[in-house]
Amino acid sequence: MRIALLVTLIASIAAVSAQTARPDLTGEAAYLGFDRNNYPGDQNLKVLRETFSYTGYWLNHPPSAKTNTWSGKRKTLQAAGFGFLVLFNGRLYNELKSVSYATKLGKSDARSAVVAAKKEGFPARTIIFLDQEQGGRMLPEQKAYIYAWVDGVTAGGFVAGIYCSGISAAKEGGEDIVTADDIRQNAGTRKIAFWVTNDACPPSPGCAFPKRAPSPADSGIPFADVWQLAQSPRRPEVTASCVATYNPDGNCYPPAINVSDRIHIDVNTSTSADPSHGRTR
């Protein structure tokens, strides 16, 4: 009986020790934010601010868009209390052609990102995230473009970040490579902020807005600065276990806004209420 009690006690101590030894993923406050390709409208900012601390902000045309409806809205958003996730839409693989051409494009796009950030009034050292939509292992042309862009943005007085996949491509029928790991491991001495997307449930809670936001490290990428945990529309292949959290049309909608307004969003979490440090004082 004493031996059994001792074993139980040792097991309990070991469990507590293991929990204590784990990285503290919840000890640091985390904040919810949203992003979407189209500006949500001035009339919706007050309601959105009740749930979200920051918003995505495009410096150029979002993917598949012909215009940028965010342009000129930085002061309005800051006045409404929002921090920022500043985004620049990068190039797809079929646009890169060769390593030398990709390098030129990266340098040119970095200059465009710096000019746009200054025009929008973002202060020096704001983190600008390059939107890298394609996942898996980055090919030589993609790496040439990404790192040329990172170097150009850094030289322009801003901080470079990457928005990329934080989920194994094997789950999507590809090679078992996580894009965020691949980019970081090949970055050399470059300092890059990472905004990772992993909408797979788990670890994602789906289209949810918890009072205690999860840590970006809960995404499975310990070095993530921001975690995009839900997308609109949802991806059926990785969200089957949290389908009930999404609207029946497959999108994620914010609280207190009528679904008929079609303000579907992506949901993010960060340990900063202003992840890009884009607010001006």
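Strands S5 (159–165) and S6 (193–197) run parallel and are joined by five bridges; strands are DSSP runs of E with at least two residues, helices are runs of H or I with at least four, and both are numbered from the N terminus. Two strands pair if DSSP finds at least two bridges between them. Tyrosine 163 has tryptophan 195 as its bridge partner in S6. The model is predicted, with pLDDT of at least 70 required for local features and 80 or more for side-chain atom pairs, while totals for chains, interfaces and linings use all residues. Residues are numbered from 1 along each chain as its sequence is written, and side-chain values use heavy atoms, without hydrogens and water.

S5 also runs parallel to strand S4 (residues 127–131), again with five bridges. Between S4 and S5 the chain passes through helix H5 (residues 140–155) in a right-handed β-α-β crossover (clockwise from the first strand over the helix to the second, with the strands pointing away from the viewer). Seven of the seven residues of S5 are buried, that is, under 20% relative accessible area with a 1.4 Å probe and protein chains only.

S5 gives the most to the lining of the largest pocket, with three residues. A pocket is an open set of points on a 1 Å grid over the protein atoms alone, where a 1.4 Å probe fits, with protein on both sides within 12 Å along at least five of seven lines; lining residues have an atom within 4 Å of a point. Of the 30 lining residues, Glu133, Tyr163, Gln228, Gln231 and Asp266 lie nearest the centre of the largest pocket.

Key. Buried < 20%, exposed > 50% of the residue type's maximum accessible area, 1.4 Å probe, protein only.
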